[in-house]
Amino acid sequence: MFRKAAGLLASMVVWSMSTAMAAETSLKQNLMTAADTKASGEYAFSQCRALTGQTFDTTKSTKKALIVGDSYACDFLNSMQENGYLRDYQIALRFIPYDCQTVAGDAAPEVYRRQRS
């Protein structure tokens, strides 16, 4: 009886370790993919490209969502779709390309300071 219990315990430990190692490998792969700016950029904008310029099917009574904006609109769209918030909607996107200013104050590039004046 003790041998069977010890064998079962050992097999459970080996199984849990292999599961943890597989999860760690998957996590590492996901982090490496996320760190790849080309892959991340493709992911971030793939849905935007697919929905840009789409029209609504007026023959359907489903709810409609029109998203308008720059790269923030793409981020918003991705987060809404990943969480399933827009699954019952027809979605259209109007992308407005815009150079974002990521630095504020005196350190901002001169061109942005002139635009604010």
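Tutor: At the start of α3, the backbone nitrogen of Tyr-72 has a side-chain oxygen of Asp-70 within 3.0 Å. Before we go on, this is a predicted model, where local features need pLDDT of at least 70 and side-chain atom pairs pLDDT 80 or more, while totals for chains, interfaces and linings use all residues. Residues are numbered from 1 along each chain as its sequence is written, and side-chain values use heavy atoms, leaving out hydrogens and water.

Student: What makes the length of α3 agree with a helix at 1.5 Å a residue?
Tutor: The expected span is 1.5 Å times one less than the number of residues. The 12 residues of α3 should therefore span 16 Å, and its end C-alpha atoms are 17 Å apart, which agrees. Helices here are DSSP runs (H or I, at least four residues) and strands are runs of E, at least two, numbered from the N terminus.

Student: Which other residues of α3 are buried?
Tutor: Along with Asn-78, the buried ones are Ala-73, Cys-74, Leu-77 and Met-80. They cover an arc of only 170 degrees around the axis, so they lie on the same side of α3. That arc is taken from the directions from the helix axis to the C-beta atoms. The face turned away from the buried side carries exposed Tyr-72 and Glu-82.

Student: How do you know that Cys-48 and Cys-74 form a disulfide?
Tutor: The rule asks for a pair of cysteine sulfur atoms within 2.5 Å. Those of Cys-48 and Cys-74 are 1.9 Å apart, and the pair forms a disulfide. Cys-48 lies in helix α2 and Cys-74 in helix α3, so the pair ties together parts 26 residues apart in sequence. The count by this rule is 1 disulfide.

Student: What makes up the largest nonpolar core?
Tutor: A nonpolar core is a set of buried Ala, Val, Leu, Ile, Met, Phe, Trp, Tyr and Cys residues joined through side-chain atoms within 4.5 Å. The largest one has 11 residues, including Cys-48, Cys-74, Leu-77 and Ile-91. α3 gives the most to this core, with 4 residues.

Key. Buried means under 20% relative accessible area, exposed over 50%, partly exposed in between (1.4 Å probe, protein chains only). A polar contact is a pair of N or O atoms within 3.5 Å; within protein, one must be able to donate a hydrogen and the other to accept it, and residues adjacent in sequence count only if both atoms are side-chain atoms.
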